[in-house]
Amino acid sequence: MLINDPLNAAIVLSLLLVVTLSSISDVLTHRIPNIFLGPALLLALIIHSLLAGISGFLDCVLGLAIGLAMLFPLYFAGGTSAGDVKLLGVVGALLGANGALIAGVATYVSGGVLGVLFIAWRLIEPILLIQIAQLVRPTGTSPPPLIRTVPRDASRKAEIPYAPAIAFGSFYSLWHLGYLSKVIG
C-alpha cells in the first residue's frame, strides 16, 4: 500500500518514534501519554488518505479498529492499560489492516515472552540479592540484613510495561511487510 518513498518513510519513522517514546515512558512511569499518540494517528490518517484516497483512509481506520480490538480482551481482564490499547490502535492506523494483524499477533507473542521473563526475574531476584550480599560481606562479620526488608509496593507486583511488547510487534510487522527495505533501499 505504501508506495511513495517520502510518505513511506514518514509512516515508518512515525511508527518507530511513537513506539520507542511510548516504551520508554511505559517502562519509566507506567504511562503512555496521549501527546505521543494523537499526532501519530493524525499523521496516519493524512498520509494514508494522500496515498490511496478513500480506500487508504478506510484501511487506516480499519487498522486502528483492529489494533484496538486486539488488546481489548487483555484490557478488560485487567492485564493491560488503556494506553497500551490506544498505542496498538495507533500502530494499526499507521500500518493499515494487514499490518495491524501482524503487529498484534507479534505483540501477543512478545508479551508472553516478556511475561515469562518477568516471572522468572521475580523468582530469581531474591536469591540473587542474597548471593550478592554474601559475596560483598567481609570475612568474619555477621551476615548483612536482607537488602530488601521493606515489602514490595503492591502496585508493582502486576505492572509489566506492555509498550515494549507492542514495539517489538511493530518492528516485526515493519520487517515482515518489507517497509524497512522500502525506506532503506
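Analyst: In helix 1, residues L7, A10, I11, S14, V18, L21, S22 and S25 meet F36, L37, A40, L43, A44, I47, H48, L50 and L51 of helix 2. This is a predicted model, in which local features need pLDDT of at least 70, side-chain atom pairs count only at pLDDT 80 or more, and totals for chains, interfaces and linings use all residues. Residues are numbered from 1 along each chain as its sequence is written, and side-chain values use heavy atoms, leaving out hydrogens and water.

User: What makes these residues of helix 1 and helix 2 a contact?

Analyst: Contact means heavy atoms within 4.5 Å, and the helices (DSSP runs of H or I, at least four residues, numbered from the N terminus) meet through the residues named. By class, the contact has 13 nonpolar, four polar and no charged residues.

User: Why is helix 1 called roughly antiparallel to helix 2?

Analyst: Their axes, lines fitted to C-alpha atoms over the stretch in contact, with angles from 0 to 180 degrees between N-to-C directions, are 10 Å apart and pack at about 165°. Angles over 145 degrees count as roughly antiparallel, under 35 as roughly parallel, 65 to 115 as roughly perpendicular and the rest as oblique; helix 1 is therefore roughly antiparallel to helix 2.

User: How do you know that helix 1 and helix 4 are roughly antiparallel?

Analyst: The axes of helix 1 and helix 4 come within 8 Å and cross at roughly 160°. The two helices are therefore roughly antiparallel to each other.

User: Which residues does V91 contact beyond its neighbours within four places in sequence?

Analyst: V91 is in contact with L15, V19, A103, I166 and S170.

Terms used:
Ala, Val, Leu, Ile, Met, Phe, Trp, Tyr, Cys and Pro count as nonpolar, Asp, Glu, Lys and Arg as charged, and the others, Gly among them, as polar.
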